[in-house]
Amino acid sequence: MPASVPSAPPHRAGWRDYGLAVLSVGAIAAVGAPLLGHLDLANIAMLFPLAVLFSAVRLGRGPAVLAAFLSVALFDLFFVPPHFTLGVHDVQYLLTFAVLLLVALTTAELAARLRRQRDAAEQRERQTQALYGLARELSAALAVEQIAANAERFTREVFGCDCVLWLPDEQDRLRPADAGPDPAAEAPPAAQAAWRNGQAQHTTDAAGKPIRWLPLRAPMRVRGVLALHGDPAEPPPAPLLDAFASLLAIALERLHYVAVARSTELAMESERLRNSLLAALSHDLRTPLTAIAGLADTVALTPPPLSAEQAEMVAAIGAEAQRSSAQVANLLDMARIESGGVRLRREWQPLEEVVGAALQARASLLGRHELLIDLPAELPLVDIDSVLFERVLCNLLENAAKYTPPGSRIEIRARADGDEMILQVCDNGPGLPPGRIDALFAKFTRGQKESAIGGVGLGLAIVQAVVAAHGGRVRAFNRTEGGACFEIALPRGTAPALPQEAA
């Protein structure tokens, strides 16, 4: 269905209209001639304004004025004695002519004004209907190409000119909506100015025809620029232009957020499927890996004693199985956290117990490093899930042990700072890769993409997820004296009062 109704061009009287005006006055004279002698001249004179009124309403102001003067002339020529001459024998008829002319001209002016008001009202109605049709078409548009096509049709039918829709691409550069990937379609400076400043611009093309650059201002931002090319038959009213541009901008913004919603929905669905796949895969792998590690230990302890070479091989099998089992455990934990299947079992407990448990769990990795523990005795209790938080510390200690050379120092410090408990795990190793520190907390991201050190890049992602679940935050940075440092900030809350010892 068309988006708009064509607008009517302004009425301009032609020779045909003037001829009809002459005929109408002649018809009145022909009707009044038989009445001469039966009616008073004043009554016959009242017939001529009818021809003027007809001309003003149907033919326009010019023919109406012609009809007014012609009415006075014919009335004098055929009805006022002496007949068939323009002279009068009684000067009082001059007053009659003046009144007749004044009435005719006033009638013509009033009728022409009413005609203009009627035309303006009809024009506004057509424009309102056109805007309504455009809004209906734009509400159903599912692509930018449909919006551009509706805009072109509306400007051609309502304004009588052409238009081009300039929209920003992925690199935030304005390009015509129908230009496709053409790299040569650069926006002119006026389009850039309208887009950046949100103000309309006026320029001319090579042929000297005007171009209007209208910014498409949506509630959130300027979505593009509409260029109106050519000189419309009538200057379009500013409210109509504003309404037209607003409809286009809102339609473009609606498409933008629809695309964002679809992308987000697709990402969420992909994430859900990936977590389900990881959960299933890690669950199936964990049991055989645990069995391999246990069998390696059993073989090493089963008589007769193994040779040194065999014992080393069995120990390597057990170590690789344990390492793979730990990675599978990370996959399983990440999948459980992402799917919301983990519920915190928070309890108030001293931090040193959790740190001690983590150190014991990673004792085999930390054996060749120097440990420095700084946990003041007056540290308050923390409200944490000890199992998950032990996993956080294990991952940080494991990373420190893997990415620092033997003999380097690993430090664990904690302090109360206002409403937060600050825990740091630092080392004096090579430090974190500059420029990629924040990216290290993303899933499946490692500091060095090609590295002989085992891992799938999930340890820090788990750390961040668990700390966030506790309402805390974690950050990483390189120390000025060298080495990397991971800092966890947890809300302290209000710890329960400890029972008083009996005196």
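Helix H7 (residues 189-197) lies across S1, S2, S3, strand S4 (210-217) and S5, at about 140° to S5. The model is predicted: local features need pLDDT of at least 70, side-chain atom pairs count only at pLDDT 80 or more, and totals for chains, interfaces and linings use all residues. Residues are numbered from 1 along each chain as its sequence is written, and side-chain values use heavy atoms, with hydrogens and water left out. Helices (H or I, at least four residues) and strands (E, at least two) are DSSP runs, numbered from the N terminus.

**Sheet**
- Five strands form an open sheet in the order S2-S1-S5-S4-S3, with antiparallel pairing; two strands pair if DSSP finds at least two bridges between them.
- Strand S2 (174-176) and strand S3 (201-204) are the edge strands, each pairing on one side only.
- From one strand to the next, the twist averages 30°.
- Strand S1 (residues 162-168) and strand S5 (residues 222-229) run antiparallel and are joined by five bridges.
- Cys 163 has Leu 228 in S5 as its bridge partner.

**Helix across the sheet**
- Helix H6 (residues 144-159) lies across S1 and S5 and runs at about 150° to S1. Axes are lines fitted to C-alpha atoms, for helices over the stretch in contact (heavy atoms within 4.5 Å), and angles run from 0 to 180 degrees between N-to-C directions.

**Ser 408**
- Ser 408 sits in the loop between helix H12 (386-403) and strand S9 (409-417).
- Ser 408 counts as buried because its relative accessibility is 7%, where buried means under 20% relative accessible area (1.4 Å probe, protein chains only).
- Not counting residues up to four places away in sequence, Ser 408 touches His 369, Glu 370 and Asn 428.

Methods
Buried < 20%, exposed > 50% of the residue type's maximum accessible area, 1.4 Å probe, protein only.
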